[in-house]
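I opened my notebook to look up a few things in one structure. Here are my entries, in the order I made them.

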Amino acid sequence: MKESKRRHTRQLEVIWDAVKDETSHPTADQIYEKVRKEIPNISLGTVYRNLQKLAHEHRLQILKLSRSQHFDPLVQRHDHFICERCNRVYDILVDSKARIFPPSLPTSGFKVTSHQLSLYGTCKDCAGQTGRE
């Protein structure tokens, strides 16, 4: 029992090390490929379960983009810009005092506790490829 617990801890540590400084918002598959370099026999399921555990511990944020989940170690309040050409995800840091009230939502009687905003368009690298945007 101790051995499996130690192994689990090492796996979690390696997975955290693989994602903690990432700014690319990788998927579980991308993290799996990175972790396999250190733990060749790790399964994708183990990586996924540990990513979910890290998210549950508020060490990661899960972004649902299209049909895939992306993992973000920046857990402070922020939003995202997603390039529709290359699918890169960029962090948009929001002033902690900024308040967002959708015009269709009356302010009285509603308490907004959080929000997640994703902006879509073309990043500067992709826009530079055509020269028209």
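**Entry 1: a pair of charges**

Is Glu57 buried, partly exposed or exposed? I looked it up in this predicted model. Glu57 is partly exposed, with a relative accessible area of 34%. Next I checked its partner. The side chain of Glu57 meets that of Arg59 in a salt bridge, 3.2 Å from N to O. Arg59 is also partly exposed, at 30% relative accessibility. I noted the general rule: side chains of opposite charge can pair when their charged atoms come close.

**Entry 2: the other salt bridges**

How many salt bridges does the structure hold? I found six. I wrote down two more of them.

Arg88 and Asp125 meet through their side chains, with 3.2 Å from N to O. This pair links distant parts of the chain, 37 residues apart. Arg88 sits in the loop between strand S3 (78-83) and strand S4 (89-93), and Asp125 sits in helix H4 (residues 124-130). Arg88 is partly exposed at 42%. Asp125 is partly exposed too, at 44%.

Glu38 forms a salt bridge with Arg10, and their closest N and O atoms are 3.9 Å apart. Arg10 is partly exposed, with a relative accessible area of 43%.

**Entry 3: the cysteines**

How many disulfides does the structure hold? I counted zero. Cys83 is in no disulfide, although the sulfur of Cys86, the nearest cysteine sulfur, is 3.7 Å away. Cys83 is buried, with a relative accessible area of 0%. Cys123 is buried as well, at 3%.

**Entry 4: one side of helix H2**

Which residues are buried in H2? I listed Ala28, Ile31, Tyr32 and Val35. They cover an arc of only 105° around the axis, so they lie on the same side of H2.

I then followed strand S1 (residues 61-65). Its side chains alternate. Gln61, Leu63 and Leu65 point to one face and are buried.

How do S1 and S2 run, parallel or antiparallel? They run antiparallel, and five bridges join S1 to strand S2 (residues 68-72). Leu65 stands opposite Ser68 in S2. The hairpin of S1 and S2 has two residues between the strands, and Ser66 takes a positive phi near 60° there.

**Entry 5: Leu117**

Where does Leu117 lie? I found Leu117 in the loop between S4 and strand S5 (118-121). Leu117 is partly exposed, at 35% relative accessibility. Leaving aside neighbours within four places in sequence, Leu117 is in contact with Asp79 and His80. Leu117 and Asp79 are 38 residues apart in sequence, but 5.2 Å apart in space, C-alpha to C-alpha.

Methods: Residues are numbered from 1 along each chain as its sequence is written. This is a predicted model: local features need pLDDT of at least 70, side-chain atom pairs count only at pLDDT 80 or more; totals for chains, interfaces and linings use all residues. Side-chain values use heavy atoms; hydrogens and water are left out. A salt bridge is a side-chain nitrogen of Lys or Arg within 4 Å of a carboxyl oxygen of Asp or Glu. Buried means under 20% relative accessible area, exposed over 50%, partly exposed in between (1.4 Å probe, protein chains only). Helices (H or I, at least four residues) and strands (E, at least two) are DSSP runs, numbered from the N terminus. Contact means heavy atoms within 4.5 Å. A disulfide is a pair of cysteine sulfur atoms within 2.5 Å. The arc is that of the directions from the helix axis to the C-beta atoms. Two strands pair if DSSP finds at least two bridges between them.
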